[in-house]
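The following explanation leads the reader through one part of a protein model, from a secondary-structure element to the side chains within it. Please keep the sequence and the structure in view while reading.

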Amino acid sequence: MKNTYTTSLNLPKLDFILLIFRIGISILMLFHGVPKLITFFTEDEITFADPLGAGQTLTFTIAVLAEFVCSVMIILGLATRIATIPLIITMGIAAIIVHMPDGMAKQELPFLYLLSYLLLFYTGAGKYSLDHYFMHKAEKKK
């Protein structure tokens, strides 16, 4: 019963779950990013929310870069902490500004993504990532 209330971090297990979490959350985000990427390269006129007044095309381009490019980087574990920043900003704007009038039913998903990317920003990619590989490769050269 004593073990029920204690926290024990097993680092190999933590690295593995970070891998699963990183890949899972990024694949889910790709379901939003890939359709935007396809739309980006079509002849169709881009109609997209412009909550900050930067222009629909620029806002859409930033969303595509965040949701597609940064998601792929996170899957690979490449510059993971840096890749989470555009996603944190995008999901924050989506949750707090774009979907504010829609209520929590529409805000819930962007908030979940936001919390997920904040976790990855804090933890990094873990051992099973290109970040870890390149970091240790650089350390061996020293």
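The expected span of a helix is 1.5 Å times one less than its number of residues. In this predicted model, helix α4 covers residues 104-123, which is 20 residues. From its first C-alpha to its last, α4 reaches 27 Å, close to the 28 Å expected. Just after the helix, G124 adopts a positive phi of about 80 degrees.

Seven positions may now be considered by name: the buried residues of α4 are Q107, P110, Y113, L114, S116, Y117 and L120. These buried residues pack against α1 (11-40), α2 (56-76) and α3 (80-98).

One of them, Y113, deserves a separate look. Y113 counts as buried because its relative accessibility is 6%, and the cut-off for burial is under 20%. Beyond its neighbours within four places in sequence, Y113 is in contact with I25, L28, M29, H32 and M91. Although Y113 and M91 are 22 residues apart in sequence, their C-alpha atoms are 6.6 Å apart in space. The side chain of Y113 also reaches the backbone oxygen of L28, at 3.3 Å.

Aromatic rings come next. The whole structure contains 5 aromatic pairs. In one of these, Y113 and Y117 are stacked, with 6.2 Å from centre to centre and 10 degrees between the planes. Y113 and Y117 are separated by about one helical turn because they lie 4 residues apart in helix α4. An α-helix has 3.6 residues a turn, so residues three or four places apart point the same way. Both Y113 and Y117 are buried. Elsewhere, F40, F41, F48 and F60 form one aromatic cluster.

Terms used
Residues numbered from 1 in each chain as written. Predicted model: local features only at pLDDT ≥ 70, side-chain atom pairs only at ≥ 80, totals over all residues. Heavy atoms only, no water. Helix = DSSP H or I, 4+ residues; strand = E, 2+ residues; numbered from the N terminus. Buried < 20%, exposed > 50% of the residue type's maximum accessible area, 1.4 Å probe, protein only. Contact = heavy atoms within 4.5 Å. Polar contact = N/O pair within 3.5 Å; in protein donor to acceptor, adjacent residues only side chain to side chain. Phe/Tyr/Trp six-rings, centres within 6.5 Å; stacked < 30°, edge-to-face > 60°.
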